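Subject: Structure for you to look at

Hello,

Please find the structure below. My notes on what was found in it follow.

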Amino acid sequence: MLCALGASAQQNQIPYATISLQNLNDFKPTGSNWKIVGDVFYDLTKPGKGTTKSGTGILVNDPSGKSKDHLFTKMEHGDLDLELDFMMEKGSNSGVYLQSRYEVQLFDSWGASVPKASDCGAIYERWDDSRPEGRKGYEGHPPAQNVSKAPGLWQHLSIMFKAPRFNEKGEKTANARFLKVILNGVTVQENVEVLGPTRSAAFQDEKPTGSLMIQGDHGPVAIRNIRYKSYGIEPVTLTNMKLSAYEGKFASVNDFGSLTPTREMDITMLAHSAPGSRDKFGGKITGLLHIPRSGQYSLNLNLNWIPAETNPANPNGAGELMIDNKPVLSISGKSGGTASAMVQLEAGDHPVVLAYYKNFGLWYARRNDIVLGVEGPGVQYTTLNQVIRVEEPVGEIALQAKDEPVMQRGFVNHHGQKHTHTISVGEPGHVNYSVDLRKGEFLQIWRGNFLETTPMWYGRGETQLSVPLGSVIELSGKPSLTYLADQNAAWPDSNATYMNMGYDVDSNGRPIFKYTLGASQVRESFAAEEEGHKLSHSFTVTPSSGASTPGASTPGASTPGASTRGEVWCRVAEGNDITELPNGLYAINDKQYFIELPAKQKPVIRTTAQKTKEMLLPVKPATAAGTITYSIIW
């Protein structure tokens, strides 16, 4: 039985299973140090000052009393994809143990310049008391870079784990392996083999399955949104593949029905691999798809010669996938070369037919490869029979900010859109940011390494993109300053009276951005402070002579955002929520980052038409310069 449940260009995924944090029922009995709460506060600078609020959804460890137990899930796993959010108290230490044996370290590593095997995102070391002093710990793996956030902020951890393998006699035939560890969106471990249990594991033996364990005897930690996908070891396979190749220009895969193939051949890789075929070809690949377990499967098809950006009036190809003689996926070529669907498949073997054509080639989409990905119940996402090609060796072209700020002009992707007039600045201390100079928009911040510029400088530099190498927080991208008639007026998407005037470079090598806003002149600057723990953001607004008085407006200014009526305001932050904390900081967007304001400075916090929250500060340059400064901490 086969039933397609819908197809789209966006890749579908099998849903994650969740560990409920409404109570502790999904865990084995444990000590009183573990509890379920509704909210948690850890002070940025003071350990031992954490507080909680009643409710559900957050798991908290408080080892300050007599109980310091570890926490074990009732769920036992082999191969596992794990996702969770966590929050560290200042100076705290914890860990997530796969199968209760192999630890990924949780630690307050905020600002650590050279991460070690004890830092957050590390695969912790193994331990042997019989080894010489100073060498008892071994085989630890530090994270590739430190992208840890500040204490009291939510962080995200993703782990792809492959369990050890055993034969029918119970003998280990392959070691456990961390395929990936991703911390705050950055891959910090990849394909790391673990030869045995790490230090402080609950067990020193190794098994095909085991519970997930969270360390409870070291320090306070909060965890939420625990979800996982658990896998078996029997894969989906595609075998007995045969290719029927056609030559010519086609309007539909149905054209093949009346044609005789120019050649027929057995193939092992998914590609149009008929000799001599480059453009103007069609193909029909048949094969046998083996499904190990009945259930819903996610199928994702990509014809590599059809780019994402294509002319819908003149597509260069199309394709269709059929299983059990029923159409499952269809690619018209008018909106790219990908398609995705959820399909109900029964365990067993299913005949497959993949038909496709290519009418012309594009220089930036040269490959004739086909990618067919599948994921299902107990089956990790797998690309079937994928062609492995030797790429032209290109080393990463990267910029690093070591001893002084580094500036780089280029294109930047922000919320899925390309901004072409941007500058990115890397500060010593691994604090970085991007600004759109054409629009006067503060786009993003990130912690970690600075920029990869390979897409800008290698070959033709096709995309011209500069790609952040650290953990990115994308900001709203609206103007930082504007005129508002009053504090209740809506913030504009753009300023028609904004005019970029370039930037100066100060004695420390930092840019000072210059622009006019209506009749006012603005100087805007950023600076990393306290060894990279915070980024200050400052504005100086100076009315020019003849500036319009409050209540006036620029003649002919009818474009939204063009009015200079009222006062200049600074939009400090936007998020789903903005909360003032007991330590005077403001938590933005569900504790994604903190805002620090000067002493006694009280912002306006208001609700937008989109039901988000905005933080505003007034700038009041009557006849002299007005200044605004705040700091971002993350």
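In strand β34, P468 is the bridge partner of L451. This is a predicted model, in which local features need pLDDT of at least 70 and side-chain atom pairs count only at pLDDT 80 or more, while totals for chains, interfaces and linings use all residues. Residues are numbered from 1 along each chain as its sequence is written, and side-chain values use heavy atoms, with hydrogens and water left out.

Strand β33 (residues 451–452) pairs with β34 in the antiparallel sense over two bridges. Strands here are DSSP runs of E, at least two residues long, numbered from the N terminus, and two strands pair if DSSP finds at least two bridges between them. Three strands make up an open, antiparallel sheet in the order β28-β33-β34. Its edge strands, β28 (398–399) and β34 (467–468), each pair on one side only.

**A covered strand**

Six of the eight residues of strand β24 (residues 338–345) are buried, where buried means under 20% relative accessible area, exposed over 50%, and partly exposed in between (1.4 Å probe, protein chains only). β24 pairs with β21 (residues 295–303) in the antiparallel sense over eight bridges. Within this pair, Y297 stands opposite V343 of β24.

**Cores**

A nonpolar core is a set of buried Ala, Val, Leu, Ile, Met, Phe, Trp, Tyr and Cys residues joined through side-chain atoms within 4.5 Å. The largest has 49 residues, and L481 and I595 have the most contacts inside it. Leaving out residues up to four places away in sequence, L481 touches residues including W491, Y515, F539 and V619 (contact means heavy atoms within 4.5 Å). Apart from this core lies another, of 39 residues, with F27, I159, F178 and V186 among them.

**An exposed residue**

T627 is found in strand β47 (residues 626–633). Is T627 buried or exposed? T627 is exposed, because its relative accessible area is 57%. Beyond residues up to four places away in sequence, T627 touches F539, T540 and V619. T627 and S538 are 89 residues apart in sequence, yet 7.3 Å apart in space, C-alpha to C-alpha.

Regards

Conventions: Helices (H or I, at least four residues) and strands (E, at least two) are DSSP runs, numbered from the N terminus.
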